[in-house]
Amino acid sequence: MVFRKPPDGGWGWVIVVVSFFTQFLCYGSPLAVGVLYLEWLDAFGEGKGKTAWVGSLANGIGLLASPVCSICVQSFGARPVAIFSGFMVAGGLMMSSFAPNIYFLYVSYGIVVGLGCGLLYTATVTITCQYFDKRRGLALGLISTGSSVGLFIYAALQRELIELYGLDGCLLIVGALSLNILACGSLMRPLESSHSPPPEKTCVDKVPDQYFVYHEKEKTVEENISILEKGYIDEKCVNNVPDCKQDSILNKNVLSSINVNDKDTYKKKVVEQTNFCKQLAKRKWQLYLTYWKETMVLFKNKVFSALFVAILLFDIGGFPPSLLMEDVARSANINEDDYYMPLISIIGIMTTVGKLILGILADFKWVNTLYLYVITLLMTGVALFAIPFAKSYLTLAMLSGILGFLTGNWSIFPYVTTKTVGIEKLTHAYGILMFFAGLGNSLGPPIVGWFYDWTQEYDTAFYFSGFCVLLGGFLLLLAALPCWNTCTNQSSKLPPNTYSYKVASNA
């Protein structure tokens with residue numbers, strides 16, 4: 001597919017709007033799962049760590065499958081993937097309303113809904129980056145606020161629906177609302193050049209004509225079959241020399257036993273299908289090798305390597321508050337009369353503000369987006385260390401707002417990735433990074449829940465979370481320091497196709 005220059009407007013703003021609502025509808029319930037988490041604790045009577053797996057899988061499984069999601073978007077396009085994923089999210093939410101136990105929720109809510117969200121996230125980010133260049137930071141900030149607004153609204157909506165219709169009715173209604181993703185996905189028109197060649201109709205057309213022997217020249221059927229027999233016998237001789245003559249005789253006997261009237265047609269089909277399968281297998285293997293070679297090149301970049309460690313540690317420590325903050329308040333015996341607004345809603349609205357502000361800052365030329373991202377990591381670690389000292393609703397609300405604002409750094413993460421590896425490597429690199437982010441999302445809440453089950457308090461858990469985030473921030477800061485580029489230039493030149501943050505930023 002050949003893309004023209006990003007228009008930075010026009011239909012791109014329609015893409016921003018539908019991507020916003022797509023993330024709003026798909027991520028609203030999984031991000032506000034803290035409300036459902038309390039209900040599941042009471043309904044199934046399982047431990048906090050075991051129950052936390054439901055929400056962590058819903059938010060992590062899609063990111064773990066990011067390489068697969070990227071391949072799906074590359075192969076089929078953003079629009080078909082978005083429509084298909086809408087059915088997954090809606091179906092998973094509705095199935096969860098019939099869950100008899102916590103293990104059923106692992107599949108229906110955790111895997112099905114989570115994988116659908118991962119596909120939708122990859123589709124919206126990819127198509128937005130295709131439509132925007134100069135305003136990419138603003139566009140990514142706008143669409144990423146959809147999930148934050150969804151967190152803010154769904155936290156209150158799900159609580160109200162639970163009071164009116166119960167947990168099962170809440171999940172059915174939320175699943176029905178998610179069907180609107182189908183309408184949003186249908187508007188994700190791909191950005192293609194007007195002079196691009198028409199799509200190929202069949203898989204057979206993708207194989208060069210030189211591999212279809214009987215179409216290349218006016219050869220007789222006997223010549224075509226002799227070529228096929230020669231290739232077949234040569235391959236067998238390489239693997240097993242004593243069987244060469246026996247296989248050759250057997251092959252000729254099979255061909256001679258076919259009806260004379262159908263012999264020509266049969267032989268032509270054998271030639272075509274055999275050569276097509278060989279060439280297709282060869283091409284798939286080459287694509288596989290190319291993918292892993294490009295992956296190794298990416299990891300030779302020290303900034304990219306530090307980035308995947310930072311995102312892993314950030315999600316292990318930074319994601320649990322959005323899932324467990326309501327239970328933290330309940331464990332602190334906070335009076336319900338002082339509970340003016342759900343803490344999850346505060347996190348959601350401040351994440352929206354953070355994504356917008358950080359996205360706008362990323363568009364300024366004087367702002368180094370990598371250092372901006374590092375600052376958000378370090379401040380998040382400090383805020384997590386402060387949670388054990390918060391014993392009132394006001395202090396928890398303030399920390400929730402700070403953590404929500406800093407979590408808005410998700411809006412600049414695709415921007416940082418693009419500047420690090422380039423737009424041509426964005427889908428590949430972003431899929432790898434999201435895999436590690438999903439691993440952190442999946443492990444973070446259960447680890448915090450297990451800490452509570454062992455110690456019967458959250459203090460140790462959030463000390464651990466703060467340490468993880470600070471460690472990731474310092475590692476990324478060390479990798480991005482300019483002195484490393486100076487040392488590298490003095491020692492040796494960069495190998496071909498190896499990217500550095502400094503080079504990519506100036507691109």
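Here are some notes on this structure for someone opening it for the first time.

1. **Ground rules.** This is a predicted model, where local features need pLDDT of at least 70, side-chain atom pairs count only at pLDDT 80 or more, and totals for chains, interfaces and linings use all residues. Residues are numbered from 1 along each chain as its sequence is written, and side-chain values use heavy atoms, with hydrogens and water left out.

2. **The overall fold.** The chain's secondary structure comes to 22 helices and 0 strands. Helices here are DSSP runs of H or I with at least four residues, strands are runs of E with at least two, and both are numbered from the N terminus. Of the 507 residues, 51% count as buried. Buried means under 20% relative accessible area, exposed means over 50%, and partly exposed is in between (1.4 Å probe, protein chains only). Take contacts between residues at least 6 apart in sequence: 84% of them join residues at least 24 apart. A contact means heavy atoms within 4.5 Å.

3. **The main core.** Have a look at the largest nonpolar core, which has 128 residues. Such a core is a set of buried Ala, Val, Leu, Ile, Met, Phe, Trp, Tyr and Cys residues joined through side-chain atoms within 4.5 Å. Leu36, Tyr109, Tyr373 and Leu476 have the most contacts inside it. Helix 6 (residues 102-131) gives the most to this core, with 14 residues. Domain 1 (1-193) and domain 2 (277-483) both give residues to this core, so it lies between them; the domain bounds come from an automatic or database domain assignment.

4. **Tyr373 up close.** Setting aside neighbours within four places in sequence, Tyr373 is in contact with Leu307, Ile311, Asn409, Ile412, Phe413, Val416 and Leu476.

5. **A buried threonine.** Thr122 sits in helix 6 and is buried, at 7% relative accessible area. A polar atom of the Thr122 side chain lies 3.0 Å from the backbone oxygen of Gly118. That's a polar contact, meaning a pair of N or O atoms within 3.5 Å; within protein, one must be able to donate a hydrogen and the other to accept it, and residues adjacent in sequence count only if both atoms are side-chain atoms. Not counting residues up to four places away in sequence, Thr122 touches Cys69, Ser70 and Val73.

6. **And a buried serine.** Ser465 belongs to helix 20 and counts as buried, at 1% relative accessibility. Leaving out residues up to four places away in sequence, Ser465 touches Ile316, Gly317, Leu384 and Val448.

7. **Helix 17.** At 1.5 Å a residue, the 15 residues of helix 17 (residues 393-407) should span 21 Å, and its end C-alpha atoms are 20 Å apart, which agrees. The expected span is 1.5 Å times one less than the number of residues. Buried residues in helix 17 include Tyr393, Leu396 and Gly401. Among the elements covering its buried residues are helix 14 (320-331), helix 15 (343-362) and helix 16 (369-386).

8. **The salt bridge.** The structure holds 1 salt bridge, defined as a side-chain nitrogen of Lys or Arg within 4 Å of a carboxyl oxygen of Asp or Glu. The partners are Glu46 and Lys50, at 3.5 Å from N to O. Glu46 is partly exposed, with a relative accessible area of 28%, and Lys50 is also partly exposed, at 28%.

9. **A backbone detail.** Which residue other than glycine has a positive phi near 60°? Check Gln456, found in the loop between helix 19 (426-455) and helix 20 (459-480). Gln456 counts as exposed, at 54% relative accessibility.
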